[in-house]
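Subject: Handover of a structure, with notes

Dear colleague,

Please find below the structure that I am passing on to you. My notes on it follow directly after.

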Amino acid sequence: RAASGTAAVVQFRRRLENELEDIRGAGTWKNERIIASRQGPHLRLEGGGAGILNFCANNYLGLSSHPEVIRAAVEALEKFGAGLSSVRFICGTQSIHKDLEEKIARFHQREDAILYASCFDANAGIFEALLTPEDAVLSDELNHASIIDGIRLCKANKYRYKHMDMQDLEAKLQDAQKHRLRLVATDGAFSMDGDIAPLKEICQLAQKYDALVFIDECHATGFLGPNGRGTDELLGVMDKVTIINSTLGKALGGAAGGYTTGPKPLIDLLRQRSRPYLFSNSLPPAVVGCASKALDLLMESNAIAQSMAAKTQRFRSKMTAAGFTISGKDHPICPVMLGDARLAAVMAEDMLNRGIYVIGFSYPVVPKGKARIRVQISAVHSDEDIDRCVEAFTEVGRKHGALP
Ligand code: PLP
C-alpha cells in the first residue's frame, strides 16, 4: 500500500488510533446500520430480518421512494445525463436547475432561489457572503452545526442567545444596535427537541430593533403549516422572514441538495460571492428531478402534509397516554424523554429486537441527563405501524423501568 511505512505515517496512524479509542472510551461511538432496501417505513437491514419498522429517517412525507419521484429522477437522468462535471457558472447550469429554483421560490412565495449541493453548504455560504465586520449576527444557542460553522466563517460580530429566550434575544439586539445590520438566525424547528422557534415574537423583536430574520427550515419545509410551506406559514409570518435556507434531502424527496430563497438581489449576490456555490459541482440531474417532482406533488395538494400531521398527533397522544414524556409540540420529531443515557441505549436496542428501528441520543449530542429516543413520524406510516411502535415502547419501557 502507498506510503504505509514511513515514520510520519506510523506516527499519524498511532495518533488516529488513540483518538478513535478516546471516542470509544467516551461512549460516543456512532455505528452505522446498513440498510439493504429502499428508504421507507419498512426496511430490510443487512444481517437482520426484513420488515423492520423505521422511525428514524427525515422522510417526513414518505417521498424518498415515491414512484413518481423515482420516475422523475430516471427521466432527468436519461434526458440530462449523470452530472455536469462543472460548477454552475462555468458550464454547469441546465434548464432543470433554473426550473427548480423558480419552483422553490414559488413554493415559498419568495422572489428567487439558489441551489446548493446541500443545506450544509447553503448555511456555510450565506453568512460570509452577506456580513462584514460592520454587521452583527444573533444566533440561537441550539442552532444546527451547519449554521454555527457558517457563522464561524464570517467576520460579523457574533451574539449567541439562549435557546428560544426572547428576553435574552432582546438584550442582545439592544447591544447590537451599534452595528450596521443585524441578522437573527434560527432553526425553524429544532431537530433534537422537536420544538418550534417562536417566530412571531422573533419577527416582532426584529421589527422593533431593525433586524432581518433568517430561518433554517430543514425540519419544516414540506409539512409544517396548512400547506406545508414551513414554520413561517405555520406561525403566520411568511411576509416577515427575509431569508430561508432549507434542504432537498429530507421531506422533499430525500435525495440531496439545499437552497436559499429570498429577495432577488440577495440571490444574485450569493451567485457572485457564495463560496460553496462558486466552487462546487452542480446538483446532478436525477437529484434535481426528484426534488422538482416532490414540489409538484406538494403544490398540487396538501393531503400528504395533512396526513403526516394526523399520524404525528396519533403517536404523541398515545405515547403520552401510556405515560411517556414527549418533548416538543405538534412536530413529527417526537423525542421520548428518558434522562439516563444507558436506559436510552438499551431501550433502543430492545426496540430493534422487536422490529422497531429507533435511535437513542445522549450526551454530547444532547445535554447531560437529557438522554432520549428520537422517533420520527412519516406520512407513510400506517395507523397500525404507529400503534405497533407505541405497544413496543410500552413493553420495553415497563421491562426497563421507564414506566411503572
Ligand atoms: N440544517 C439542519 C437544521 C439540519 O437538520 C440539517 C441536516 O441534518 C442541515 C441543515 C444540513 O442539511 P443537508 O443534509 O442538506 O446538508
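I begin with Arg 354, which is partly exposed, with a relative accessible area of 29%. This residue forms a salt bridge with Asp 350, and the closest N and O atoms of the two are 3.2 Å apart. Asp 350, for its part, counts as buried, at 7% relative accessibility. Please bear in mind throughout that this is a predicted model.

**Salt bridges**

Another of them joins the side chains of Asp 296 and Lys 103, with 2.7 Å from N to O. Asp 296 lies in helix 12 (residues 285-300) and Lys 103 in helix 4 (residues 95-108), so this pair ties together parts that are 193 residues apart in sequence. The cut-off for a buried residue is under 20% relative accessible area, and partly exposed covers the range from there up to the exposed class, which is over 50%. Lys 103 therefore counts as buried, at 11%, while Asp 296 counts as partly exposed, at 24%.

A salt bridge also links Asp 239 with Lys 240, where the closest N and O atoms are 3.7 Å apart. Asp 239 is exposed, with a relative accessibility of 64%, and Lys 240 is partly exposed, with a relative accessible area of 38%.

Strand 8 comprises residues 243-247, and five of its five residues are buried. In a regular strand, side chains alternate between the two faces of the sheet. In strand 8, Ile 243, Asn 245 and Thr 247 point one way, whereas Ile 244 and Ser 246 point the other way.

Which strands are joined to strand 8, and by how many bridges? Strand 7 (residues 212-216) runs parallel to strand 8 and is joined to it by three bridges. Within this pairing, Asn 245 is the bridge partner of Asp 216. Strand 9 (residues 258-262) runs antiparallel to strand 8, and four bridges join the two. Here Thr 247 stands opposite Gly 258 of strand 9.

**The ligand and its surroundings**

Two residues named in the previous section return here: Asp 216 and Thr 247 are among those that come nearest to the ligand, together with Cys 119, His 219 and Lys 250. There are 13 residues around the ligand. Helix 5 (residues 119-130) supplies the largest share of this shell, with three residues.

An N or O atom in the side chain of His 219 is 2.7 Å from an oxygen atom of the ligand. A backbone N or O atom of Phe 120 lies 2.9 Å from an oxygen atom of the ligand. For His 144, a polar side-chain atom lies 3.4 Å from a nitrogen atom of the ligand. Taken alone, the ligand exposes 390 Å², of which the protein buries 81%.

Three strands form an open sheet with mixed pairing, in the order 1-2-11. Its edge strands are strand 1 (42-43) and strand 11 (356-357), each of which pairs on one side only. Strand 1 and strand 2 (residues 52-54) run antiparallel and are joined by two bridges. In this pairing, Leu 43 stands opposite Ile 52 of strand 2.

**Two further sites**

Leu 20, Ile 23 and Trp 29 make a nonpolar surface patch of about 240 Å². Trp 29 is found in the loop between helix 1 (7-25) and strand 1. At 36% relative accessibility, Trp 29 counts as partly exposed.

Ser 378 lies in another loop, between strand 13 (371-376) and helix 15 (383-399). Is Ser 378 buried or exposed? Ser 378 is buried, with a relative accessible area of 7%. A polar atom of the side chain of Ser 378 lies 2.8 Å from the backbone oxygen of Asn 59.

With kind regards

Technical notes:
Residues numbered from 1 in each chain as written. Predicted model: local features only at pLDDT ≥ 70, side-chain atom pairs only at ≥ 80, totals over all residues. Heavy atoms only, no water. Buried < 20%, exposed > 50% of the residue type's maximum accessible area, 1.4 Å probe, protein only. Pairing = 2+ DSSP bridges. Salt bridge = Lys/Arg side-chain N within 4 Å of Asp/Glu carboxyl O. Patch = residues over 30% accessible without salt bridge, like charges linked within 9 Å, V, L, I, M, F, W, Y side chains within 5 Å. Areas by Shrake-Rupley, 256 points an atom, 1.4 Å probe, with all protein chains shown as cover. Near = heavy atom within 4 Å. Polar contact = N/O pair within 3.5 Å; in protein donor to acceptor, adjacent residues only side chain to side chain.
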